[in-house]
Structure formats: C-alpha cells, structure tokens
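These are my notebook entries on one protein model. I record in turn what I looked up.

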Amino acid sequence: RGALAEVGLRMSRPYQRSGVALAVGANSSAASLADLRQGQRVGVQVGSIASMTLSKRGVQTSPFVFEDEIMDALAKNEIDAAAVTPAAVGWFNRVHPDAQMRRIPAFEDDPDLNWNVAVGMVSPDEQLRQGLDAALEALLANGTLARIYAHYNVELQSPK
C-alpha cells in the first residue's frame with residue numbers, strides 16, 4: 001500500500017474477488033489439480049506466479065504470453081489445462097459456445113493466486129473516493145454488477 005500512496009493511487013472499496021483458476025476441456029475428467037496425470041501440461045503466462053507455483057509442485061507447464069493464447073491452445077488440445085483468470089474462461093466460453101471449458105478448484109487457498117478487485121484512482125479527493133465507493137455499493141446491492149459479470153460468463157464473487 002505504501003508504493004501506491006507514493007504515486008497518488010488510491011483504491012475504491014473492493015467489489016470482486018478474482019485470481020488464477022484452472023480450466024480444462026469439457027471432456028476432461030479432472031476435478032482438481034491433483035487429477036492431472038504425470039506429463040500433462042498446463043498453459044501458464046510466462047514468468048507468472050502461477051507458473052512458478054506449478055513448477056515447484058512438479059507440474060509440467062507450457063508458457064504463453066496472453067491468456068487468450070492459452071485458452072486457444074486448450075481448445076485445440078495442445079495443452080491439458082490452463083492456469084488463467086476466471087474472466088478468461090468466462091469470455092472464452094461466451095465467444096466459443098461450442099467449446100465450453102470447465103473451471104476446476106486448484107488455487108483457491110493460495111493467497112498469492114487470489115486477489116480483490118477495486119477501482120484505482122490517481123490522487124482523488126476524499127469526496128470522489130467516497131462517491132465511487134457509494135456507487136459501487138449501490139451497483140452491488142441492486143444486482144447490476146452481478147448482471148454485467150454474468151453477461152460475460154463470469155461469476156461475481158464477494159471480496160475477502
């Protein structure tokens with residue numbers, strides 16, 4: 001938080017919980033990370049914490065630059081799973097309704113691979129920050145944010 005304050009960045013109240021999820025093809029029998037067999041490859045972003053975490057666990061990874069490239073490789077069966085954000089899985093499923101990917105539990109208990117989402121504001125005054133927090137609260141309360149996320153096949157999850 002100190003580094004953010006140094007550049008004048010202030011955060012709104014968190015409104016969503018996100019992180020890294022594990023995606024598999026619709027026909028995969030995997031129900032968790034432990035279900036991946038020896039030699040199966042997980043697509044990861046180059047140099048990501050997910051890449052390092054999986055490598056430490058002995059999981060074979062394939063590096064990619066962008067999440068959409070990882071999801072495309074998963075759809076083409078070039079990899080066996082994908083370590084991506086839930087938004088990447090939701091968006092892929094929205095634009096490829098014929099190739100539905102499943103999200104399975106893998107990293108929910110790892111604080112390095114989960115985070116809260118908020119709005120960043122550069123040097124806002126207190127009134128603006130409070131107004132944005134109130135607007136987010138109202139959008140959460142009336143279901144607007146949940147509907148927006150659902151439109152993109154992403155579940156709105158409460159921040160921790």
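I took contact to mean heavy atoms within 4.5 Å. The model is predicted, so I kept local features only at pLDDT of at least 70 and side-chain atom pairs only at pLDDT 80 or more, while totals for chains, interfaces and linings use all residues. Residues are numbered from 1 along each chain as its sequence is written, and side-chain values use heavy atoms, with hydrogens and water left out.

**Entry 1: Ser32**

I looked up Ser32 and found it in the loop between β3 and β4 (41-45). Helices (H or I, at least four residues) and strands (E, at least two) are DSSP runs, numbered from the N terminus. Not counting residues up to four places away in sequence, Ser32 touches Ile104 and Pro105. I also noted a C-alpha separation of 5.8 Å between Ser32 and Ala106, which are 74 residues apart along the chain. Is Ser32 buried or partly exposed? I use buried for under 20% relative accessible area, exposed for over 50%, and partly exposed for in between (1.4 Å probe, protein chains only). Ser32 counts as partly exposed because its relative accessibility is 24%.

**Entry 2: the whole protein**

I counted six helices and nine strands in the protein. The C-alpha trace spans about 55 × 35 × 25 Å along its principal axes. Of the 160 residues, 37% are buried. Of the contacts between residues at least 6 apart in sequence, 68% join residues at least 24 apart.

Thr53 is in helix α2 (residues 49-56). I class Thr53 as buried because its relative accessibility is 15%. Leaving aside neighbours within four places in sequence, I found Thr53 in contact with Asp110 and Leu113.

Which residues of helix α4 (residues 86-95) are buried? I list Pro86, Ala88, Val89, Gly90, Phe92 and Asn93. The buried residues of α4 pack against β2, β3 (21-25), α3 (67-75), β6 (81-84) and β7 (101-104).

**Entry 3: aromatic rings**

A pair of aromatic rings is described by the distance of the centres and the angle of the planes. I counted rings of Phe, Tyr and Trp (its six-membered ring) as paired if their centres lie within 6.5 Å; planes under 30 degrees apart are stacked, over 60 edge-to-face, and the rest tilted. My search of the whole structure found one aromatic pair. Trp91 and Tyr152 form this pair, which is tilted, with 5.7 Å centre to centre and 40 degrees between the planes. The pair links distant parts of the chain, 61 residues apart: Trp91 is in helix α4, and Tyr152 is in the segment after α6 (144-151). Trp91 is partly exposed, as its relative accessible area is 44%, and Tyr152 is partly exposed at 38%.

I then looked for charges over rings (NZ of Lys or CZ of Arg within 6 Å of the ring centre and within 35 degrees of the ring normal). The charged end of Arg94 sits over the ring of Tyr152, 6.0 Å from its centre.

**Entry 4: positive phi**

Most residues other than glycine have a negative phi, and most peptide bonds are trans. Asn77, which is not a glycine, has a positive phi of about 60 degrees. I placed Asn77 in the loop between α3 and β6, and I class Asn77 as exposed because its relative accessibility is 66%. Ser123 also has a positive phi, near 50 degrees. Ser123 lies in the loop between β9 (120-122) and α5 (126-141) and counts as exposed, at 54% relative accessibility.

**Entry 5: pockets**

I worked on a 1 Å grid over the protein atoms alone; a pocket is an open set of points where a 1.4 Å probe fits, with protein on both sides within 12 Å along at least five of seven lines, and lining residues have an atom within 4 Å of a point. Grid points are joined across faces, edges and corners, and a volume is the space filled by probe spheres set on the points.

The largest pocket holds about 310 Å³ of space. I found 18 residues lining the largest pocket, with Gly25, Ala26, Asn27, Ser28 and Asn77 nearest its centre.

The second largest pocket holds about 200 Å³. Its lining includes Arg17, Ser18, Gly19, Pro86, Arg103 and Lys160. Strand β2 (residues 16-19) gives the most to this lining, with three residues.
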